[in-house]
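Here are my notes on this one, jotted down while going through the model.

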Amino acid sequence: MEIEKILKNLENRHAMMLDTENYSKFAVLLPLIEKTDGYHILFEVRAYNMRRQPGEICFPGGRIDPEDVDEQYTAIRETSEELGISKDNIHQLVPLDYMVNALGRIIYPFAGVIKNDEQIKPNESEVAEVFTVPLTYFQNMEPEIYKVNLLAQPEREFPFDLIIGGENYNWHKTHIDEYFYKYEDKVIWGLTARILHHFLDLIKFNK
């Protein structure tokens, strides 16, 4: 084996996340709408007959299809389909930081402006309702934050005899922070709240 030749062939490769081909990939849009009292953020309430997370609050978005040009295209396509608007009404998209979660998903969020919001006609099969919240409301409040502990749970056949410590191995303990934003009778939490919190941090430090 000529290791020098192998390394030479690899020196220009671009690193990517390990096992990324095994992750499901999604793109979402944090939609901004200009109103008389300033910009609002639009949210969806997921249809109550959906198999996953019925009735929860989210941003428009969905799985990246193989034929999609890129993640931004997916965010625009999904927003157009879910809100019943033309893609031409979605402007000024900017990328936010992407996220990898413990469920094997990579989420690519974007922020952008929706024009002609009076034309919005939500797809009833996916969206129960939409509502908006003034951006200033979120800028003037702090979310509630709670910790969710993540515990290692080896399967029954795990080969404890092959590791030092065996069944008493000191597994690394970690947690995730869950953010909760409350607006009137609505509760925004989970992935949507994490994206919202990240966006608020970005605009706070980029005035």
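1. First, the ground rules. This is a predicted model, so to speak on its own terms: local features need pLDDT of at least 70, side-chain atom pairs count only at pLDDT 80 or more, and totals for chains, interfaces and linings use all residues. Residues are numbered from 1 along each chain as its sequence is written, and side-chain values use heavy atoms, with hydrogens and water left out.

2. Overall build. The chain has 4 helices and 11 strands (DSSP runs numbered from the N terminus: H or I of at least four residues for helices, E of at least two for strands). Its radius of gyration, taken over C-alpha atoms, is 21 Å, whereas a compact globule of 207 residues would come out near 17 Å (the rule being 2.2 Å times the number of residues to the power 0.38). The C-alpha trace spans about 65 × 45 × 40 Å along its principal axes.

3. The sheet. Three strands make an open sheet in the order β9-β10-β11, with antiparallel pairing (strands pair if DSSP finds at least two bridges between them). β9 (144-150) and β11 (186-189) are the edge strands with a single partner each, so one side of each has no neighbour in the sheet. Neighbouring strands are turned by 30 degrees against each other on average, direction ignored (axes are lines fitted to C-alpha atoms, for helices over the stretch in contact; angles run from 0 to 180 degrees between N-to-C directions).

4. β9 and β10 (residues 174-183) are joined by 7 bridges; L150 has T174 as its bridge partner, and K147 has D177. Between β10 and β11 there are 4 bridges, with F180 partnered by W189. The hairpin of β10 and β11 has 2 residues between the strands, and E184 takes a positive phi near 55 degrees there.

5. What sits on the sheet? Helix α4 (residues 190-204) packs on it, touching β10 and β11 (contact means heavy atoms within 4.5 Å). The direction of α4 makes about 80 degrees with that of β10.

6. The largest pocket. It holds about 1,200 Å³ of space (a pocket is an open set of points on a 1 Å grid over the protein atoms alone, where a 1.4 Å probe fits, with protein on both sides within 12 Å along at least five of seven lines; lining residues have an atom within 4 Å of a point). The lining has 36 residues, with R52, Q53, N101, R105 and L191 nearest the centre. α4 gives the largest share, 5 residues. By class, 16 are nonpolar, 7 polar and 13 charged (Asp, Glu, Lys and Arg count as charged, and Gly as polar).

7. The second largest pocket. About 180 Å³ of space lies here, and of the 12 lining residues F138, Q139, M141, L200 and K204 are closest to the centre. α3 (135-139) and α4 each supply at least two lining residues, and α4 gives the most, with 5. The lining divides into 6 nonpolar, 2 polar and 4 charged residues.

Terms used:
Grid points are joined across faces, edges and corners, and a volume is the space filled by probe spheres set on the points.
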